[in-house]
Amino acid sequence: MKWLEHAPTTGGGTMYGHPWSRGELPSAAVAELVLPETDWPHEARPLSYWPDGSVKWTAHSAVVPVGADAAKLTPKRGTGGKEASKPALARQEAGSIVVDTGAIRFEVLNKGTAITGQVRDPTGALLGDALRLVVSTTAGHPDAVVCVDSAAIETIGAVRSVVKSEGSVQLDGTVLMKFVLRLAVFAGQPTIHITQTLLFTDAAKDRIISGIGLRLDRPMTGELHNRHVSFAGDTAVYTEPVQSLYSRPFSAVNNVYAAQLVGIPVAPDAETERLFSIGVQNAVWGNYLITQESEDYFRVEKQSRDRLAPVRVGKGHRSSGLIYAGDPTGGVAVSLRGFWQKFPAALEADDVEGGTAALTAWSWAESVGPMDLRHYAAECFVDSAYEGFDELRATPEGIANTSHITFDFLPARHDGGRPAELWTLAQERQFPVQAVCSPKTYYDSRAIGVTWSLPQQSEPSSARSQVEQRLAGLIDFYSAEVEQRGWFGYWNYGDFMHTYDQYRHQWRYDMGGYAWANNELAPNMWLWQYFLRTGDATTFRMAEAMTWHSAEVDRHHSGDYAQLGSRHNVSHWGCGCKEVRISMAGLHKYYYFLTGDERMGELLSEVRDAQNALDRLDPMREFYDRRQGRTHIRIGPDWAALTSNWFVEWERTGDPQWRDLITKGIEQIKAMPMGLLSGPTLELETATADLHHMHLGTNGGFHMIIAFGAPQVWMEIAEVMNHGDFARMLAEFGRFYALSDAEKRAQSGDVLDDSFFAWPPMASGMMAFAAKYYNDAALAQKVWDILLEDTHGGMSRPFKDSLLEAQSWAPVLEYPQISTNWASQWCLNAMLALELIGAPGEFSTATT
C-alpha cells in the first residue's frame, strides 16, 4: 500500500479497497485479516467474490496517526478478531440509533425534522445539537418542510460504522427532493463524516429552491470577546473575535487584540482594565458567511447582532471550504469538500453572539441565484446539433447530486495554534488521505480485469515510448483543460465536454449533443484504467470527480427514466435518448472497489435489473415497432451494459441468478447465425432477458457495439467465467471487423459490408484480442497501423508540443481536432493493445 498523495496530516479514520487473486482469500478468512506491523484499529469486510467463492475485493477501515506509513496498511492473514470483541459504534434502540465513538455520542432519529439529537462528549458536555437539512425557497413560495422518514445502520463495526438517514423535502405536499444522508464515524474520533445525496424531482426545476444546507447547532458560552469565527481562504485560515477589543485609544499597541486574532481567550487585569472597558463597547458580530460564487471568486461578509446591512470582510480566489465557530471550551469546524469546484457553495456561522450558534454547510448557496433545472430550449436540434431522438425528455426527475460534509468537534485550545490547526484540517478534508495499492498489485490480482497493461521501460524513441507518451499527454491535456475551460460547478464538475469548435476556439458548449460528454464512449473507464496502470494521483482525482458526477447527475434514479442515463447534451438531463450505457455499473465499479464507498455500492445495485427500464423505453423505437413483451436492444451498448450490471451484481453478492442471465444471453447469441455479428439489434424479452434474432444487418451500427466499454466488460467476463465460447465470439468479432469489404460480403452472404463498420479505431482492441487469440501477426500489425494513423498528426513529438496558441476572449492553448470520444477510445484501445499484443513491432507468434 501507498498513500495516493500524502500521509495523514491530522490523523483519523480512512477506508480503502484491496484486491485478492482467485482462491487467495477464502471468505471465512476475511475476519482474520490484520495489519501485522501496527496496533491501529482496523477491520475488513468483503466487497466482491470470485466464482469459486473466494474473496475478490475487501474494504478496510482503519484509524491511523499523523504521518502513518501506508505500507503498514497492507492486510495479511493472521489471528484477527481483536476488534470483534469490542462493541459496535452504532446500535439500534427504540426510536433511534445510538452512535458512540468513545469521543462523541449522539442519536440518529427515525422520524421528525432533525437527523440527529444532541452530540455529547464522554463527560456529557453538549457539543452540538439537531443536525438537520435546511432548504430555502424563492419569494412567493411557502417554506419547505423537511421530513425524516427512516434511519438504519448500513455498515456496522467497532472501527467504522455508517448510519443511513432518508427523508424528503416537500412544498405544499409536493416532494421537491428526497435525501439520503450517510453518517460515518470512526473509533475514538470526534468527527461525523456525512455523504449527502439529494434526489430531485421535476417539481423543483423552475427556480423554486434558493438554498440547500446542512445545519448543526453548537452551544456558545463565555464572553463575546472570547468567541471566535475562523474560515479557510486561499492559503491560510483567518480568525476574528465576535467582539473586537481593538479601539482608538489602544491602536498603537494592543497585545490583547493580537491574542484574540489567534483564538486565545483573554481576561482583564489591572493593566488592561481600561482597554477592556472601552473594547466591549465595540460592535458585536453575529453572522459570518463565506460564499464561493464561481471557481475563481469567493466573498466574505458579516452582520452585526442587529442583522442590518451586511459588511464586506473581503474576497478571495478559492476557499478551502472550512468554517469554525468556538469559545473557550472548544468549537466545531464544518468542511464542505469540493467547495470551490462545486460552486455556488457557502459556509455560515450564525447567532454566534447568542447561546446557540448555527453552523451551516450550504451545498447550494442561499446567497446567490436560485437553482434552475430547466432545459436550455423548448425544442430539439437533431439534425443541426447532434441531439438524439426528436423527443423532448429534458426532465430533472430523479437526477441526484452528492456532497461530502464533515463536522469536527474540537477541544479547547489556548496556545494560539488554532488557525494553523484549522488550515491543516481544511486541507485534509478537501483531499482526504487515500491508501492505494501499487499498479502491479492490481494487475497481478486480475480482480478488476486486465484490459490494460503495465507501463514498461523503453528507449525514448521507441514505438512503445511514443504510445506511452501519448497516453500521458492526453491525461495532462484534460487535467489542464478542466482548469482552462472552467469545467466546474455544482451540476458540471467532473464532466468533460464532448467536441471542440476549432472556429470559436471553444468547446461546443451550446450545441446539443456536442456539449457535455455525459461519459459517452467511457471516458471514466479510460481514466480509471490509466490510474490502475500508473498510480497517478491526478488521474485518480479526475476519475473520482467524473464518477460522482456521471453516477449521480447524468442518470435518473427515479421516475419514468429510472435506471437510465441521459446521452450527451447541453444540459446533463436534456437529451431525449435515455440509455443504459450511461448508467452502466462497469463505469463506476472501479471507485467502489478502490474505496468501499457505500453510496457507490448502492448505485451499482440500483441498475442490476435495468432491463426493466428498456421495457418502458425502447432504445430503438425510432426504427422498430414493439411487440407485446419485447423491446429492441443493440448487442452493444445495450446488452453489453446489461451484462456489466449483472456481472457486477454477481461478483458483489455471489447470487447465481445474475451470472445465469449472462450465460443465457451468451448461449442465445452463440446460436445466432454470426454470433456477436448477428445484429446489431435484437429483440429482448424484458421479463426473462431472453434474446431473439431478427436478421443480419439490422439498424444500429457495429461500432456502437464496442465503443462504450463492451470490450473491457466482455473480456473480463470471458476470463472470470472461463467461457471459451464467449472468448471465441469476441475474437470472431474482432477479426471480422478488420476484414476488407469484399471479405465481409463473402462471409456474410453479401449482407454485411464496410458501411456497417464505421470507426475502425474503436474496434482496434477487439482486433488485438483476435490477433492474440488466432496468433495472427498481420492482424496485430494492422491494429497498430489503425491506431497510429488515428493520432491527428503523428506521435513523433510529445502531445503538449502539438498544442496551438489561439485567441478567444482570452488566450488559450488548443488541440483543434480534439474530441473526448476520440481521446477516450484511442486511449482505451491503445492500453488494451499494449496488453494483448505489445507495442508496435513487439507481437510474437510464440505465445497465443
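Visitor: At what angle do the axes of helix H13 and helix H14 cross?

Guide: Axes are lines fitted to C-alpha atoms, for helices over the stretch in contact, and angles run from 0 to 180 degrees between N-to-C directions. Helices (H or I, at least four residues) and strands (E, at least two) are DSSP runs, numbered from the N terminus. Here H13 (residues 635-653) and H14 (residues 656-670) cross at roughly 150°, and their axes come within 7 Å. This is a predicted model, in which local features need pLDDT of at least 70, side-chain atom pairs count only at pLDDT 80 or more, and totals for chains, interfaces and linings use all residues. Residues are numbered from 1 along each chain as its sequence is written, and side-chain values use heavy atoms, with hydrogens and water left out.

Visitor: Is the crossing of H13 and H14 left-handed or right-handed?

Guide: A crossing is left-handed if the near helix is turned anticlockwise from the far one by less than a right angle, and right-handed if clockwise. H13 passes H14 in a left-handed crossing. Contact means heavy atoms within 4.5 Å; residues making it include Trp639, Trp646 and Trp650 of H13, and Trp658, Leu661 and Ile662 of H14.

Visitor: How do the residues of that contact divide?

Guide: Ala, Val, Leu, Ile, Met, Phe, Trp, Tyr, Cys and Pro count as nonpolar, Asp, Glu, Lys and Arg as charged, and the others, Gly among them, as polar. The contact of H13 with H14 has 11 nonpolar, 3 polar and 2 charged residues.

Visitor: How far apart are the axes of H20 and H21?

Guide: The axes of H20 (residues 777-789) and H21 (residues 820-837) are 11 Å apart, at an angle of about 155°. H20 is therefore roughly antiparallel to H21, a term for angles over 145 degrees. Among the residues that meet are Val783 and Trp784 in H20, and Trp826 and Leu834 in H21. This contact divides into 9 nonpolar, 1 polar and no charged residues.

Visitor: In what order do the strands of the open sheet stand?

Guide: Strands of a sheet pair through backbone hydrogen bonds, either parallel or antiparallel. Two strands pair if DSSP finds at least two bridges between them. The order is S32-S33-S34, with antiparallel pairing. S32 (630-634) and S34 (690-692) each have a single partner strand, so one side of each lacks a neighbour in the sheet. S33 (residues 681-685) is joined to S34 by 3 bridges, and Glu683 stands opposite His692 in S34.

Visitor: Which strands does H13 touch?

Guide: H13 packs on the sheet, touching S32, S33 and S34. H14 also packs on the sheet, touching S33 and S34.

Notes
Parallel < 35°, antiparallel > 145°, perpendicular 65-115°, else oblique.
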